[in-house]
Amino acid sequence: MSEEELESLRSEWHSLIPDAQAAILNEFDRRKLKFTEPPPPADAGVEYRNLTTVRRYRDLSEALVARAVIESTGIFCFLTDENLVRLDWQVSNFIGGIRLQVAAEDVEAAEQILSQPVPDSFNIPDQPGFQQPRCPRCSSTDIIWERQGRKAALAALYLFALPLPRGSESWRCHSCDLSWSMTKVARNPDPE
């Protein structure tokens, strides 16, 4: 090892383990070179950001989509308690959900982005344009795709090795409580 290489190791003195430090000291003594311990590196410090909670989400999937939308505009954002909810999703209600936080100066822009309505349609490459589904009765986009009986079918398959049909699939409107499939529209008799 050349003296330049030995000097470069000496400059990294504070990052070395005690055994490596002892080996360098022995090498300096063997070569009869003067060793002076370098000063500790200057602390770069920790950068603290003043973050403000913009929204709270119960489900991780919703929080991840919101974070992606905000980050796609170039605004720095952070999901507080994301990993805690990843470990145990049931704790989300207890801690008040996953908090989407942005810098104080970006709050207004983030709110504006998250408040945009869902687009009626958008283009997907190599596919026909996507049309946002709407309730046939009230034209609301506050709808959900439901699979009734799917959990029971999976439980029967797991517990008893008994395959059951997956159950029915339908849309449900949260605004007017209408439940329908793509072929027919039917009123849900027992609203939840």
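I count two residues as in contact when heavy atoms lie within 4.5 Å.

**Ground rules.** This is a predicted model, so I hold local features to pLDDT of at least 70 and side-chain atom pairs to pLDDT 80 or more, while totals for chains, interfaces and linings use all residues. Residues are numbered from 1 along each chain as its sequence is written, and side-chain values use heavy atoms, with hydrogens and water left out.

**Serine 92.** I looked up what serine 92 touches. Leaving aside neighbours within four places in sequence, its contacts are Tyr57, Arg58, Val85, Gly97 and Ile98. Serine 92 sits in helix α5, residues 91-95. (Helices are DSSP runs of H or I, at least four residues; strands are runs of E, at least two; both are numbered from the N terminus.) Is serine 92 buried or exposed? At 1% relative accessibility it counts as buried. My cut-offs: buried is under 20% relative accessible area, exposed is over 50%, and partly exposed is in between, with a 1.4 Å probe and protein chains only.

**Whole protein.** I noted 7 helices and 9 strands. Of the 192 residues, 26% count as buried. Among contacts with a separation of 6 or more, 49% join residues 24 or more positions apart. The protein exposes about 14,300 Å², and carbon and sulfur atoms supply 54% of that. The areas are Shrake-Rupley values with a 1.4 Å probe; for residues, only the protein chains shown count as cover.

**Helix α2.** Next I checked the length of α2, residues 18-30. Its 13 residues should span 18 Å at 1.5 Å a residue, and the end C-alpha atoms are 18 Å apart, which agrees. (Expected span is 1.5 Å times one less than the number of residues.) Which residues of α2 are buried? Gln21, Ile24, Glu27 and Phe28 are. They cover an arc of only 125° around the axis, so they are on the same side of α2. (The arc is taken from the directions from the helix axis to the C-beta atoms.) What covers these buried residues includes α1 (3-11). The face turned away from the buried side carries the exposed Pro18, Asp19, Asn26, Asp29 and Arg30. After α2 comes lysine 32, with a positive phi near 60°.

**Nonpolar patch.** Last, I looked at Tyr158, Leu159, Phe160 and Leu162, which make a nonpolar surface patch of about 540 Å². Phenylalanine 160 belongs to helix α7, residues 150-160, and is exposed at 62% relative accessible area. Patch residues have over 30% relative accessible area and no salt bridge; like charges are joined within 9 Å, nonpolar side chains (Val, Leu, Ile, Met, Phe, Trp, Tyr) within 5 Å. A salt bridge puts a side-chain nitrogen of Lys or Arg within 4 Å of a carboxyl oxygen of Asp or Glu.

Definitions and conventions
Expected span 1.5 Å × (residues − 1).
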